[in-house]
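Subject: Structure handover and findings

Dear colleague,

My notes on it follow directly after.

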Amino acid sequence: MDLKITGGRIITSEGSYKADIGIKKGKITAIAQTLPGDAGMTIDAHGKMIFPGAIDVHVHLQLPFCGTVSADDFENGTKSAACGGVTTVIDFAIQKKGKTLREAVEARRAEADGKVAVDYAVHAVPTDWNERTRNELKKLAADGVTTFKMFMIYAKEGMISDDDALYAALEETATFGGMVGVHAESVRVLDLLINRYHNPNDMKKYGAYCHVLSRPNYIEAEAISRAVTWAEATGGKLYIVHMSTADGAEIISKAKARGLNVYAETCPQYLLLDDSVFKKPNGHLYATCPQIKKKDDSERLWQAIADGDVSTVATDTCTFTTKQKAMWQGDFTKIPFGLPGVETLLPLMYTYGIGKKRITENQLVRALCTNPAKLMGMYPEKGTIAVGSDADLVLFDPQRKVTLSYRNLQTNCDWSPFEGAKLTGYPDTTISRGKLVAKKGKFIGDIGHGKFIKRHIGLNL
Ligand code: URP
Ligand code: ZN
Ligand code: ZN
């Protein structure tokens, strides 16, 4: 054995038990109550919980967006992931008009390969839908890019996919088992409402709260309903990214009850914050799409995680510093939209999920590890603790008290949406394929250790 971890309590999506773990060449090779034999290194994990490494299936590292570039690049973003107990991230390869999707994947890989501290993958994002693009999906899936993401908004950014493209992508992916992720907001009415509030009087009166006023819940709900309709019509597998509303949770719950192959993700910002943040003096910092909603939405989303209607919790990490956010100069349409998050995903979900008894420890593993791995085609290599799986592990200290501050985080962000949060429980040691990459929130790994994960077709839950 290269590494032996003794005495910890292993948590899976199904249960928990005390056992030793043996690791060799980056894989888990043995799990037993008491593991005999020596190892290159032994870690005493008594008193620690052992989670599978968390998988954040929604990050935007060094994303050119809103006239700037998100401030955590592949290097620092994946260091930040390691510090928070995240051992795999999935970013996005966005097609450029006139270019192929494969070129987008290659370009993104050229930016990331050799510069990542933990493993990563990409969703391919079609933005130029035509027969050539359609024909690429199956081939990309055969090469390990098995999920696709489409934006129902962002027309002026050149990233929007209209209903015909979404319908056709669901139809095409249904032929080989791929999955289509969707940013679901109703673009026409959204743009109408944005224009309505985009005037000097309202912007002076409401400031960043115009972001809330222009995005009532039906903007998300209508788009989710429509996407579910196309999934039902085509038999395609649909995954709603960053779902923010109770209304969305209801639609997904009903669609699942009808037996449809639809899934949803939510994010800590929708679970832990409410839209009063936009009324703070620095409320514009919190702007992200979709925007943070109301307390009732948060409570419904927590319930949906417990019920399994929300399958995953990811972060939509898209870091912008206070300087970048200041570009808005009072105009809510010019705020760089996005929040930091990958580093605080697991500790926040532990304190406010398990600590507040909203979800169990097994439900936490299901939403942060096992379901992401299954849906995204990385299971059982990732997302669980089993012999033969990658040794991606988090030794988690349930007693450690941390007052969250951006000052102590690895992210390049100079503020945190969760500043001052009093956490009980924090990752102690993060292990990526058998290698220690973070200790007590500090990065101790190597850039270049992370590798691109070629994924297989995901499982249905
Ligand atoms: O505002 C956000 N979430 N920025 C990243 C792009 C997206 O819509 O996910
Ligand atoms: Zn989005
Ligand atoms: Zn996103």
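Ile-385 is placed in the loop between helix H14 (361-375) and strand S16 (393-403); helices (H or I, at least four residues) and strands (E, at least two) are DSSP runs, numbered from the N terminus. With a relative accessibility of 4%, Ile-385 counts as buried, where buried means under 20% relative accessible area, exposed over 50%, and partly exposed in between (1.4 Å probe, protein chains only). Leaving out residues up to four places away in sequence, Ile-385 touches Ile-10, Ile-11, Tyr-17, Ile-21, Ile-28, Ile-31, Ile-50, Phe-51, Pro-52 and Leu-393, contact meaning heavy atoms within 4.5 Å. Ile-31 is 354 residues from Ile-385 along the chain, yet their C-alpha atoms are separated by 8.9 Å.

Please note that this is a predicted model, in which local features need pLDDT of at least 70 and side-chain atom pairs count only at pLDDT 80 or more, while totals for chains, interfaces and linings use all residues. Residues are numbered from 1 along each chain as its sequence is written, chains are lettered from A and ligands numbered from 1 in the order in which they are written, and side-chain values use heavy atoms, with hydrogens and water left out.

The zinc ions

The zinc ion (ligand 3) is coordinated by His-58 (NE2), His-60 (NE2) and Asp-316 (OD), at 2.0 to 2.1 Å. Donors are N, O and S atoms within 2.8 Å of the metal (3.2 Å for Na, K and Ca); water is not among the atoms, so sites may look incomplete. The spacing of these donor residues in sequence is H-x1-H-x255-D. His-58 lies in the loop between strand S6 (54-56) and strand S7 (64-65), and Asp-316 in the loop between strand S15 (312-313) and helix H12 (322-325), so the pair ties together parts that are 258 residues apart in sequence. His-58 is buried, with a relative accessible area of 1%, and Asp-316 is also buried, at 6% relative accessibility.

Why is the arrangement around the zinc ion (ligand 3) irregular? The 4 donor atoms around this ion subtend angles of 86 to 142°. Four donors count as tetrahedral if all angles lie between 85 and 135 degrees; four count as square planar and six as octahedral if opposite donors are over 155 degrees apart and all others between 65 and 115; anything else is irregular.

The protein donors of the zinc ion (ligand 2) are His-183 (ND1) and His-242 (NE2), which lie 2.0 to 2.1 Å from it. This pair links distant parts of the chain, 59 residues apart: His-183 is in strand S12 (residues 179-183), and His-242 is in the loop between strand S13 (237-240) and helix H9 (246-257). Both His-183 and His-242 are buried. Around the zinc ion (ligand 2), the 4 donor atoms subtend angles of 55 to 152°, which makes this arrangement irregular. The zinc ion (ligand 2) and the zinc ion (ligand 3) are 3.7 Å apart.

A buried helix and a buried glycine

Helix H13 (residues 345-354) is mostly covered, with 10 of its 10 residues buried. Among them are Leu-345, Met-349, Tyr-352 and Ile-354.

Gly-7, in strand S1 (residues 3-11), is buried, with a relative accessible area of 9%. Beyond its neighbours within four places in sequence, Gly-7 is in contact with Lys-18, Ala-19, Asp-20, Ala-45, His-46 and Gly-47. Gly-7 and Lys-48 are 41 residues apart in sequence and 8.1 Å apart in space, C-alpha to C-alpha.

Backbone points to check

Most residues other than glycine have a negative phi, and most peptide bonds are trans. The peptide bond from Cys-289 to Pro-290 is cis, with omega near -10°, and Pro-290 lies in the loop between helix H10 (268-272) and helix H11 (295-307). A cis peptide bond also joins Tyr-379 and Pro-380, with omega about 10°; Pro-380 is in the loop between H14 and S16.

Lys-25 has a positive phi, near 50°, and lies in the loop between strand S2 (16-24) and strand S3 (27-32), where it counts as exposed at 73% relative accessibility. Arg-433 has a positive phi near 40° and is found in the loop between strand S17 (422-432) and strand S18 (435-439). Arg-433 is buried, with a relative accessible area of 18%.

Yours sincerely
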